[in-house]
2 protein chains.
Amino acid sequence: MKIALDAMGGDFGPPNIVSGAVMALNEYPHIGKLFLVGDTPQIEAELKKHDCTDGRIEIVHASQVVEMHDRAVDAVRRKKDSSVSRAVDLVKKGDAAAIVSAGHTGAAVAATAIKLRTLPGVDRPGIAAVIPSETNVFVLIDAGANSDPRPEHMVEYAIMGSVYSRHVLGYENPSVGLMSIGDEDMKGSDLTKEVFKMLKQSDLNFRGNIEGHDLFADPVEVVVCDGFVGNVILKTCESIGDAIFKWLKHELMKTKTRMVGAYLARNAFLTIRKKVNYEEYGGMPLLGVNGICIIAHGASTPKAIKNALRAAAESIEQQVNPHIVEKVRRHHEKATSLEPTLR
Amino acid sequence: MKIALDAMGGDFGPPNIVSGAVMALNEYPHIGKLFLVGDTPQIEAELKKHDCTDGRIEIVHASQVVEMHDRAVDAVRRKKDSSVSRAVDLVKKGDAAAIVSAGHTGAAVAATAIKLRTLPGVDRPGIAAVIPSETNVFVLIDAGANSDPRPEHMVEYAIMGSVYSRHVLGYENPSVGLMSIGDEDMKGSDLTKEVFKMLKQSDLNFRGNIEGHDLFADPVEVVVCDGFVGNVILKTCESIGDAIFKWLKHELMKTKTRMVGAYLARNAFLTIRKKVNYEEYGGMPLLGVNGICIIAHGASTPKAIKNALRAAAESIEQQVNPHIVEKVRRHHEKATSLEPTLR
């Protein structure tokens with residue numbers, strides 16, 4: 001199993017990325033090769049810090065980095081020697097099966113979509129975020145690849161999210177919900193009303209609309225939305241989580257009794273703080289491209305990078321892409337057979 | 001000051017509503033008249049429980065109630081004697097200046113928009129939610145009145161949200177942000193990119209796009225979005241708040257030390273629990289209709305109803321609607337003068 005890691009991406013650059021890579025190599029013997037793509041001297045210096053001489057590492061030099069202020073498509077066209085572009089090239093050439101990047105999300109999406117193209121039958125890739133619910137996890141797709149999808153793109157998201165939920169997260173027959181603002185089929189936007197009809201006709205385990213206030217109460221295993229709404233949800237959750245802990249800290253400092261209480265219970269706070277901190281998470285697969293692409297949070301910790309590499313390995317092992325191709329093919333076959341035969 | 005209260009709306013019906021009404025009358029002497037609209041025997045029974053014989057109360061009988069499963073516009077057309085319709089009628093006739101309802105949000109929006117019409121110059125009303133940020137509050141508009149607005153509707157939301165922020169919340173020159181998924185003008189959906197251009201040309205204190213992860217970090221005083229996104233944000237925040245407290249409770253029960261800590265700090269938890277609990281909040285003004293309309297949470301506590309009545313009173317006192325009309329008029333004048341003179 002061969003993975004290409006963009007060693008320059010992310011808010012903290014090579015130190016966190018290389019540290020996460022070393023952790024992953026120690027924990028996952030089934031990673032056969034790990035390409036670290038980026039500035040060779042910086043990567044070598046980081047590897048030296050960890051006394052890492054793992055023979056599975058191969059450094060691939062790239063002289064450029066996509067900066068956060070770069071525009072996604074421009075960056076792919078102009079910075080041909082960027083770490084993310086070079087990493088995607090390794091997948092294109094067949095040297096690696098997956099790419100992991102914590103850099104500019106738009107650039108990773110654009111580079112992958114432009115260079116690798118989409119899987120047969122898939123029109124638009126979608127980012128799948130795995131989010132903890134009250135007692136479990138669910139997949140939110142699309143978390144930001146495409147702000148203005150057409151209804152049929154959202155049906156593809158539902159299919160791809162179901163495949164990921166089944167083959168990587170292990171849900172036998174994942175239930176699918178459509179993010180909307182009312183639980184009836186007549187409620188929602190023009191877009192969601194159209195998607196509702198299409199999902200109802202599909203073979204998916206579709207449970208109808210779900211509303212924001214049920215999102216974390218485990219209503220379904222896959223939540224479908226457009227990339228604008230998905231991105232807003234993901235980032236708003238981080239923001240409200242931060243706010244709640246700041247408010248709580250402020251309240252806990254108000255009296256000595258509360259301070260003692262907070263000290264005694266501190267480990268509980270730390271556990272939950274981490275749970276809402278998406279920077280700790282393993283990264284989000286960009287589903288629908290012809291290759292595995294895992295997008296990690298810009299502020300990824302080394303542990304998050306390690307988890308992103310694990311997500312890449314699992315997606316390869318579980319053959320997520322062949323399963324998507326098969327499910328999408330069957331969906332299109334069924335949709336075609338349902339069409340009126342009038343021509 | 002005269003206010004019409006839909007006494008039947010909300011998940012708990014007359015008990016919570018009437019209880020909140022009694023609290024409001026005791027606290028706010030400037031409420032001159034309070035119409036309680038709904039089933040007379042039920043309302044009288046509730047008033048009796050509170051030994052309330054306040055002469056400012058007038059019961060207006062209505063024989064029907066809009067149920068949660070009713071479709072909004074249908075309900076307004078068919079249930080002509082519903083409590084929410086009758087309450088709006090009181091505003092239409094000039095007997096009251098404001099309506100407060102904790103019932104079916106869609107029906108309240110539809111009844112108000114159909115019967116009272118919009119203010120001069122306003123095309124679409126928008127729901128303004130006042131949300132606590134890390135250290136303050138901000139207005140989120142539209143929180144769910146209109147799922148598919150046109151760009152010009154969102155500019156109206158920005159103007160109306162600014163007026164509310166200034167005249168009711170007291171911000172001198174409220175800053176306005178556009179909810180989007182990137183901080184640059186080139187990022188976002190087709191809709192937000194168009195709105196961005198229009199807001200930039202306006203006289204508003206526009207600060208550009210804001211992203212979900214900054215939402216609670218006090219970036220601006222007014223956040224503009226379409227009603228679909230706004231409703232998703234509002235309800236998702238409730239949901240993640242609930243989830244965080246459930247996770248925390250679970251962690252706090254894990255050891256005896258933590259349980260003792262939680263007991264000592266319990267008041268801090270209660271305070272924050274209430275802060276994230278929108279059921280405690282005072283209701284959201286529907287801005288842009290020709291009359292004051294405050295929409296309270298379906299699960300409103302009596303205190304929330306009291307606060308909703310206060311919001312109605314403040315909107316009347318601060319002349320929110322005349323200020324909106326004036327600001328919208330000036331905006332349209334400026335927009336017309338900027339148009340190319342070619343015809």
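What share of the contacts in chain A with a separation of 6 or more comes from residues 24 or more positions apart? It's 72%, where a contact means two residues whose C-beta atoms, placed from the backbone, lie within 7 Å.

Okay, some housekeeping. What you see is a predicted model, where local features need pLDDT of at least 70, side-chain atom pairs count only at pLDDT 80 or more, and totals for chains, interfaces and linings use all residues. Residues are numbered from 1 along each chain as its sequence is written, while chains are lettered from A and ligands numbered from 1 in the order in which they are written.

Let's start with chain A. Its secondary structure comes to 12 helices and 11 strands; these are DSSP runs numbered from the N terminus, with helices being H or I of at least four residues and strands being E of at least two. The radius of gyration is 21 Å, close to the 20 Å from the globule rule for 343 residues, so chain A is as compact as a globular protein of that length. That radius is taken over C-alpha atoms, and the rule is 2.2 Å times the number of residues to the power 0.38. If you like boxes, the C-alpha atoms fill one of roughly 65 × 60 × 35 Å along the principal axes. And 55% of the 343 residues of chain A count as buried, meaning 20 or more other C-beta atoms lie within 10 Å of a residue's own; exposed is 12 or fewer, partly exposed is in between, and the C-beta atoms are placed from the backbone.

Now the domains, whose bounds come from an automatic or database domain assignment. Chain A splits into domain 1 (1-122 + 288-319) and domain 2 (123-281), with C-alpha centres 25 Å apart. Where they meet, 18 residues of domain 1 of chain A are in contact with 15 of domain 2 of chain A. On the domain 1 side, helix H5 (105-116) and helix H11 (302-317) of chain A each supply at least two residues, and H11(A) gives the most, five. By class, that side has seven nonpolar, nine polar and two charged residues. Nonpolar here is Ala, Val, Leu, Ile, Met, Phe, Trp, Tyr, Cys and Pro, charged is Asp, Glu, Lys and Arg, and the others, Gly among them, are polar.

On to the two chains together. Their contact takes 54 residues from chain B and 54 residues from chain A. On the chain B side, H8 (227-252), H9 (256-264) and H10 (266-276) of chain B each put in at least two residues, and H8(B) has the largest share, 21 residues. That side divides into 26 nonpolar, 15 polar and 13 charged.

What about the largest nonpolar core? It has 236 residues, and A:Leu5, B:Leu5 and B:Ala98 have the most contacts inside it. A core, by the way, is a set of buried Ala, Val, Leu, Ile, Met, Phe, Trp, Tyr and Cys residues joined through C-beta atoms within 7 Å.

Most residues other than glycine have a negative phi, and most peptide bonds are trans. But A:Ile141 and A:Asp142 are joined by a cis peptide bond, omega about 10 degrees. A:Asp142 sits in the loop between strand E6 (137-141) and helix H6 (151-167) of chain A. Over in chain B, the bond from B:Ile141 to B:Asp142 is cis as well, with omega near 15 degrees. Then there's A:Asp218, not a glycine, with a positive phi of about 55 degrees.
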